[in-house]
Structures are given as C-alpha cells and as structure tokens.
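Let's walk through this model together, starting with a charge and a ring, moving on to aromatic pairs and ending at a pocket.

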Amino acid sequence: MKLRPVQRKDADACYALFHRTIHGGTGAFYDVEQRAAWAPPREHAPESWPDRLTDGYAICATRWGRIVGFFTMGHDGHIDFAYVALEEMGKGTALKLYEACEAEARRLGLAQMDTEASHLARRFFEKRGWRVVARQTVIRHTATHQSVGIENFRMEKRL
C-alpha cells in the first residue's frame with residue numbers, strides 16, 4: 001500500500017469507493033433509504049467533488065495503482081471524508097490515512113481536530129482518543145426529494 005495526495009482526477013474513483021463503502025458497509029447502522037440519500041447512485045462524481053476533495057489536505061491509499069481509501073481534512077483540522085474500501089478494513093489502511101492527517105494537523109500547529117462521524121467511523125475515532133461532543137441528525141434528500149435523517153456524531157480530539 002502506498003499513500004499519495006488526492007488529485008482532482010481521482011474524483012470518480014473516490015466517489016465510487018465512497019458509494020460502495022456506504023452501501024456495502026453501513027447496513028448494520030443505516031437503512032436503505034438513509035444510504036441512498038447519503039450516497040446516491042450516479043455514474044460520475046458530483047460536480048463539486050474535485051474541489052471538495054482537494055480543498056485542504058487530502059490523502060489516498062493505493063494498492064496496485066487503485067485507490068483503496070481516502071481521507072480529507074480542512075486546514076482547520078476538520079476531517080470531512082474518511083473512507084476505506086470494504087476489503088481494506090482491518091488491514092491498517094484507515095490507520096495510515098488517519099495518522100497522516102493527524103501529523104498534518106500537528107504540523108499546522110492546530111490545537112484540535114474535529115469530524116462528523118458515522119456509527120461505524122465513531123468506533124475508529126474513539127480508539128484514537130477522540131470524544132463525542134454531540135449526537136446529531138443530518139437531513140439529506142433522496143432522488144424523490146424526500147427528507148431523510150441520518151444520525152452521526154460530532155467528535156473532536158485535542159492535540
């Protein structure tokens with residue numbers, strides 16, 4: 001496995017991984033409607049993804065040239081995306097990506113990091129010293145414009 005910066009041209013590959021991970025790995029916590037609102041099916045990444053992925057610190061893990069995970073963090077220490085392919089779970093891929101983000105936050109001299117973690121990600125972050133600040137429900141809209149609540153956790157870690 002190798003780590004490298006995420007590039008704008010990685011948007012479609014990152015979206016495909018994001019979609020597959022949500023639909024294949026979060027079923028124990030989120031129902032079909034919630035997963036569809038969180039990660040709608042689409043052929044290509046949303047138009048905003050190249051900017052969203054590369055605005056700040058963005059790193060991906062590759063294996064045999066294929067993206068198998070990616071984390072993004074703003075210059076303020078907010079982790080926006082933290083996704084690893086299902087087949088990479090338990091192999092240390094997420095840990096390596098996370099460690100790179102924390103090292104960057106420390107390099108920037110930040111006092112803390114924060115994120116909005118899913119049920120699945122919450123466990124990962126808690127093992128690394130993060131704490132839940134609040135449980136919240138984020139509203140997303142389905143393809144039929146129905147509002148769907150998706151529970152997540154605002155979390156932070158003091159550095």
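Begin at Arg 128, whose charged end sits over the ring of Phe 124, 4.0 Å from its centre. A charge sits over a ring here if NZ of Lys or CZ of Arg is within 6 Å of the ring centre and within 35 degrees of the ring normal. Arg 122 likewise has its charged end over a ring, that of Phe 153, 4.5 Å from the centre.

A word on the ground rules: this is a predicted model, where local features need pLDDT of at least 70 and side-chain atom pairs count only at pLDDT 80 or more, while totals for chains, interfaces and linings use all residues. Residues are numbered from 1 along each chain as its sequence is written, and side-chain values use heavy atoms, with hydrogens and water left out.

Now to the aromatic rings. Rings of Phe, Tyr and Trp (its six-membered ring) pair if their centres lie within 6.5 Å; planes under 30 degrees apart count as stacked, over 60 as edge-to-face and the rest as tilted. By this rule there are 17 aromatic pairs. In one of them, Trp 49 and Phe 81 have ring centres 4.7 Å apart and planes at 40°, so the pair is tilted. Trp 49 belongs to helix H3 (residues 49-54) and Phe 81 to strand E4 (residues 78-84), so this pair ties together parts that are 32 residues apart in sequence. Helices (H or I, at least four residues) and strands (E, at least two) are DSSP runs, numbered from the N terminus. Trp 49 and Phe 81 are both buried, meaning under 20% relative accessible area with a 1.4 Å probe and protein chains only.

Phe 124 returns in another pair: its ring centre and that of Phe 71 are 6.4 Å apart with the planes at 70°, so the pair is edge-to-face. Phe 71 in strand E3 and Phe 124 in helix H5 (residues 119-126) are 53 residues apart, and their pair links distant parts of the chain. Both Phe 71 and Phe 124 are buried.

Strand E3 (residues 66-73) also holds Thr 72, which is buried, with a relative accessible area of 4%. Leaving aside neighbours within four places in sequence, Thr 72 has contacts that include Leu 53, Tyr 57 and Phe 81, a contact being heavy atoms within 4.5 Å.

Finally, strand E4 supplies seven residues to the lining of the largest pocket, the largest share.

Definitions and conventions. Buried means under 20% relative accessible area, exposed over 50%, partly exposed in between (1.4 Å probe, protein chains only).
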